[in-house]
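Student: I've got a model open and would like to talk through how the chain is put together. Can we take it piece by piece?

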Amino acid sequence: MAEEKAYLKRLTDEQLELQLEAAGVVVVEGAKWCGKTTTALQQANSVIFMDEPKRKEEYLRLAESNIEVLLDGNTPRLIDEWQKAPQFWDACRYLVDRRGDEGQFILTGSAEPVDQSKISHTGTGRVGWVKMRPMSLYESGESNGSVSLGELFEGRFKPAEGHELNLKELCYLICRGGWPKAIGKSERAALKQAYNYIDAVAKREIIEVDKVHRSESNTRRLLRSYARHQASQATNGTISADLKANDGNTLNDATIASYLNALRKIFVIEDMEAWNPNLRSKAAIRTTDTRYFVDPSIAIASLGLGPNDLMKDLNTLGLLFETLAVRDLRVYAEALDGSVFHYRDNNGLECDSVLHLRNGHYGLVEIKLGGETLINEGASNLLSLAKKIDTEKMYAPSFMMVVVGTGRYAYRREDGVLVVPIGCLRN
């Protein structure tokens, strides 16, 4: 018998523990294969798997007729793939009210429930949410965590040495992605994970999410187009034109919107909203979302590429490194009770990421592959944006940082901008 793989700690562990103290029901949501069930099992005291082959039909019948039987067990009780029986929502909420205690149930799933008619209560006051993504480099061990974003928000920084990644290693990590089951596997097997993920999405998941038939070939074409537009503000019309130019496809805007909405529901794509600060100038802020997959490996698999292909195309590498960095920044920001946005105005000034905490503090981040020219460009953008912000109406930025893909040391420039390799970062 194969030895059981050791659990790799996740930043979500602490978030889940806190929510179990704060709410009666905790919903853990996110992409398939990102580790939701494994993480939830670390804190659950009993579990029911709704997709267990031998029992799933019986479970569905009980969910319709006598759902309390399925909820009886030591707490926190984990209901895995709960969305297969949406009536769990109201039943859990009712039992939480009756028992008068927190930390009763953990619900894990990879999509919204298909039948919303079986949910009558919003869950306000009883339900807390935890969002999981594929693993950050800190969680998978490719960042040594010598630079903490939490400390940067507190005004603390000291030069540090990171886990230095060369270009070849960086290309591999982008292609492998943050899928927990890929960690520690041979390179060939690890790289296969993302291709298997794309197959599952195109063949089944995009249909199962809302029981609407969608073409596998069209799904693959759309994923490929989306991959070409990573880190851009491409509209649905732009994607439609791209499909026609590259695939001769005639999907209209409404159909594309339907496909993209399904991909959002199963957490394949996670676009980034625009940040709206108070500005001294009257520059108009562009509010179009920036296109991102939840993990860069999805883009790689959609394009049919591998590490060697990226090594030969630094422009594509730069865009997909940005997708990787955004994934990590989102993981770290959520562990700090924050969110990540982008900034772009009508004068062409951009900022790749703005880490904004609930207390109003924020940090400005540019993402560059590396090299003095790109670092200077990123620092210039950050300084220009900082000058535009009206600090009489909001805080000044807690820090300005250029995150780079390659490099060994984190340091502060004379202009105050930090330069931090991705192999240094943590929450």
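What follows is a short chat about the sheet, the hairpin, the core and some rings.

Tutor: First, a word on the source: this is a predicted model, where local features need pLDDT of at least 70 and side-chain atom pairs count only at pLDDT 80 or more, while totals for chains, interfaces and linings use all residues. Residues are numbered from 1 along each chain as its sequence is written, and side-chain values use heavy atoms, with hydrogens and water left out.

Student: Which are the edge strands of the open sheet of five strands?

Tutor: Strands here are DSSP E runs of at least two residues, helices are H or I runs of at least four, and both are numbered from the N terminus. Two strands pair if DSSP finds at least two bridges between them. The order is β2-β3-β4-β1-β5, with parallel pairing. The strands that pair on one side only are β2 (46–49) and β5 (127–132).

Student: And what stands opposite V47 in β3?

Tutor: β2 and β3 (residues 77–80) run parallel and are joined by four bridges. Across from V47 you'll find L78.

Student: How many residues lie between β8 and β9 in their hairpin?

Tutor: β8 (residues 338–344) and β9 (residues 350–357) pair in the antiparallel sense over six bridges. F341 has V354 as its bridge partner in β9. In the turn, G348 has a positive phi of about 90 degrees. The number of residues between the two strands is five.

Student: How is the aromatic pair of W33 and Y197 arranged: stacked, edge-to-face or tilted?

Tutor: Rings of Phe, Tyr and Trp (its six-membered ring) pair if their centres lie within 6.5 Å; planes under 30 degrees apart count as stacked, over 60 as edge-to-face and the rest as tilted. W33 and Y197 are 5.7 Å apart centre to centre, with 75 degrees between the planes. Their pair is therefore edge-to-face.

Student: Which residue joins W33 and Y197 in one aromatic cluster?

Tutor: The pair itself links parts of the chain 164 residues apart, with Y197 in helix α8 (residues 187–208).
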